[in-house]
Amino acid sequence: MLKKQGEVYKEFDHSEPQIPLRSKLFSLEPIGIGTPFVESLTSYLHRLSEAHCLPVTILIKLFVIDRFPTPTDYYDYTKHIRQINGVSYKAVETISVVQSLTQRNDLSSLTLVNWSNVIPLHKLLRHSKAWCPRCYEEMRTNAWEIYDLLIWHLQIITSCLKHEIPLLTECPHCKRNPTIISGKSRPGFCSLCKGWLGFNSSQQLYDTDEWSLWVNKNVGLMLSQTKINLSNNSFSNAVKYYVNEIGNKEPYTFAKKVGVTGSTLLRWYNGEIQRAVFFV
Ligand SMILES: [Zn+2]
Ligand SMILES: [Zn+2]
């Protein structure tokens with residue numbers, strides 16, 4: 001409808017619109033945060049590189065390596081790439097760099113850094129890839145996003161939390177151990193021969209003992225925590241609780257039950273060794 005003659009229109013707003021900060025790389029949503037099936041940071045880097053149609057090693061070379069606060073050698077970084085899923089300073093630095101590239105703030109959940117006060121570096125992570133063939137097959141059959149679970153990287157985990165079958169470490173095609181990252185690596189495929197690693201395995205657990213299922217369940221619970229508030233004394237307090245509850249208030253009885261020496265237990269008790277939870 002035409003305005004009446006002489007009527008004053010509303011003024012235009014000439015102020016600059018507030019544009020949210022742009023991310024350098026696609027702000028890809030991580031998979032499984034808040035569940036035991038959360039993906040690993042190396043898996044996230046793979047999927048991020050696929051979103052940009054780049055091999056993951058090129059993405060690291062072009063966008064990540066030069067953004068670290070301290071000069072980092074590319075070959076050394078990729079050789080020890082498994083550490084970025086764990087508790088090392090490289091994990092912390094990688095999270096910071098990739099979060100600034102993607103404008104996300106939730107990538108620490110794809111690693112173990114939130115647990116760095118209570119879990120050990122030693123024997124924490126596998127050196128090569130491990131996977132559940134049924135998980136991969138299920139992802140592909142259902143057209144779900146294919147990714148690597150953080151829990152598969154832990155040395156202490158030997159079976160699938162969901163399917164209760166052994167994790168595999170040897171490619172069924174080339175009979176070699178696929179690496180965690182390479183110029184050819186993609187979640188679900190062998191980094192060496194590019195073969196698909198999923199199938200409906202009917203292999204049963206070799207040792208269907210309660211222990212391995214208990215570890216799976218509890219480590220899964222750990223990984224599903226996104227808000228962790230552990231004080232420096234958390235581990236020491238937990239040990240004191242278990243000494244009272246399981247060890248009948250006898251530290252040496254408890255030490256015997258968990259298979260450590262009395263002096264080690266005493267140091268845990270006094271909070272001297274924090275990173276020991278997996279040994280318990
Ligand atoms: Zn599985
Ligand atoms: Zn292979």
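Helices in this predicted model are DSSP runs of H or I of at least four residues, numbered from the N terminus.

Helix α1 spans residues 41-51. Nine of its eleven residues are buried, so α1 is largely enclosed by the rest of the structure. The buried set runs through Leu-41, Thr-42, Ser-43, Tyr-44, Leu-45, His-46, Arg-47, Leu-48 and Ser-49. These residues pack against α2 and α4.

Leu-45 also belongs to the largest nonpolar core, which holds 57 residues. Together with Trp-131, Ile-151, Trp-152 and Leu-167, Leu-45 touches the most other members of this core. Two or more core residues come from each of α1, α2 (56-64), α4, α5 (133-141), α7 (234-245), α8 (251-258) and α9 (262-269). Because domain 1 (41-115) and domain 2 (231-280) both contribute residues, the core lies between them. In soluble globular proteins, nonpolar side chains tend to be buried together. Beyond its neighbours within four places in sequence, Leu-167 is in contact with Ala-130, Trp-131, Cys-132, Trp-152, Ile-157, Thr-158, Ser-159 and Cys-160.

Thr-102 is part of helix α4, which covers residues 89-102. With 20 other C-beta atoms within 10 Å, Thr-102 counts as buried, because the cut-off is 20 or more. When neighbours within four places in sequence are left aside, the contacts of Thr-102 are Ser-23, Leu-25, Phe-26, Ser-27 and Leu-28. Arg-67 lies 35 residues from Thr-102 along the chain, and the C-alpha atoms of the two are separated by 13 Å.

Methods. Residues numbered from 1 in each chain as written. Chains lettered and ligands numbered in written order. Predicted model: local features only at pLDDT ≥ 70, side-chain atom pairs only at ≥ 80, totals over all residues. Buried ≥ 20, exposed ≤ 12 C-beta atoms within 10 Å, placed from the backbone. Contact = placed C-beta atoms within 7 Å. Core = buried A, V, L, I, M, F, W, Y, C linked by C-beta atoms within 7 Å. Domains from an automatic or database assignment.
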